[in-house]
Amino acid sequence: MSTKIGFGALIVLIVLVASARAADNQDPSADRKFRARLSTCSTCHGGNGVPKVVGIPIIWGQDADYLLKQIHDFESGDRDVEIMTYVVKQIEPEFVGGVMANIAKRKWPLTVSGGGAALPPGPPGLAVCKGCHQNNFLGASTPEAKQLAGGPAPRLAGQNYEYLVRQMNRFAEGELRNSPTMAALMAAIPPADRDAMARYLSRL
Ligand code: HEC
Ligand code: HEC
């Protein structure tokens, strides 16, 4: 089942993309186009990095390789989310790398404590996650860590609860199929434990 976003959001998006295109006609420079593509993301992911709507993930400061993989997965349909598939199709290939690098270089908005400085004790079962998402849950950042994790394991610390738990449930239920490892791991964890993990991670 694909994830549906409200009709209203889709209309807003279409208007935005259309206005970005109209601006292209007035000033077709590559720089102007680049900024227009980037500002499309802010509509939902937030102009200050804090998402506008509950359940939309924080992407500022997330690893560039991870962002690029997700864009690829939205495009191929391995990650079946109508709204993001639509957004991704509006960005010309020559802008994708630059837009993701720009977002990755920004500072993760500190919604809570600052990303795992001194971790409070967490629910059981989180030790295994650290092997890939790293001790502080800031994500795999070095090539070695990414290789060990079987891919660019993203930052989880301080990501919003609604988004984390939804992703974990989707992996567990086989709806999200872009990481067989994560799917197998999540299927083995009871729903209540997944919920407790998501709450804990969101507070870091
Ligand atoms: C209309 C709203 C909207 C716009 C505009 C939008 N996004 Fe998203 N984005 C979402 C939603 C909703 C999700 C969560 C999808 C899901 O549930 O899996 C998401 C998820 C993502 C993810 C996955 C994050 C993760 O942790 O896995 C990335 C990466 C992303 N968006 C990048 C972008 C970029 C880059 C842009 C601009 C070019 C953009 N988005 C514009 C709504 C939007
Ligand atoms: C073997 C390595 C590995 C282990 C162990 C692991 N993960 Fe992951 N995880 C990944 C990778 C790689 C991804 C990115 C998958 C993709 O390509 O989209 C991921 C993605 C995720 C996501 C999606 C985040 C987002 O922004 O959409 C969540 C949530 C998550 N993991 C939670 C956990 C939790 C909780 C645990 C421990 C119970 C765990 N993971 C253990 C490798 C791992």
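Start with ligand 2: the shell around it has 13 nonpolar, nine polar and one charged residues (Ala, Val, Leu, Ile, Met, Phe, Trp, Tyr, Cys and Pro count as nonpolar, Asp, Glu, Lys and Arg as charged, and the others, Gly among them, as polar). You are looking at a predicted model, where local features need pLDDT of at least 70, side-chain atom pairs count only at pLDDT 80 or more, and totals for chains, interfaces and linings use all residues. To find your way, residues are numbered from 1 along each chain as its sequence is written, while chains are lettered from A and ligands numbered from 1 in the order in which they are written.

**Stop 1: ligand 2.** Select Cys129, Cys132, Gly151, Ala153 and Ser179, the closest of the 23 residues that surround ligand 2; a residue belongs here if its C-beta atom, placed from the backbone, lies within 6 Å of the ligand. Now colour helix 6 (127-133), helix 8 (161-172) and helix 9 (180-187), each of which supplies at least two residues of this shell. Helices are DSSP runs (H or I, at least four residues), numbered from the N terminus. Helix 6 gives the most, with five residues.

**Stop 2: helix 8 against helix 9.** These two pack at an angle of about 95°, with their axes 7 Å apart (axes are lines fitted to C-alpha atoms over the stretch in contact, and angles run from 0 to 180 degrees between N-to-C directions). Helix 8 is therefore roughly perpendicular to helix 9, a label for angles of 65 to 115 degrees. Show Met168, Phe171 and Ala172 in helix 8, which meet Met182, Ala183, Met186 and Ala187 in helix 9; contact means C-beta atoms, placed from the backbone, within 7 Å. By class, this contact has seven nonpolar, no polar and no charged residues.

**Stop 3: the largest nonpolar core.** Select Leu164, Met168, Phe171, Ala198 and Leu201, which touch the most other members of this 16-residue core. A core is a set of buried Ala, Val, Leu, Ile, Met, Phe, Trp, Tyr and Cys residues joined through C-beta atoms within 7 Å, and buried means 20 or more other C-beta atoms within 10 Å of a residue's own. The largest share, five residues, comes from helix 8.

**Stop 4: ligand 1.** Finish at Cys41, Cys44, Pro57, Gln70 and Val81, the closest of the 23 residues surrounding ligand 1. Helix 2 (30-45) is among the helices that each supply at least two residues of this shell, and helix 2 gives the most, with six.

Notes: Angles under 35 degrees count as roughly parallel, over 145 as roughly antiparallel, 65 to 115 as roughly perpendicular and the rest as oblique. Two residues are in contact if their C-beta atoms, placed from the backbone, lie within 7 Å. A residue is buried if 20 or more other C-beta atoms lie within 10 Å of its own, exposed if 12 or fewer, and partly exposed in between; C-beta atoms are placed from the backbone.
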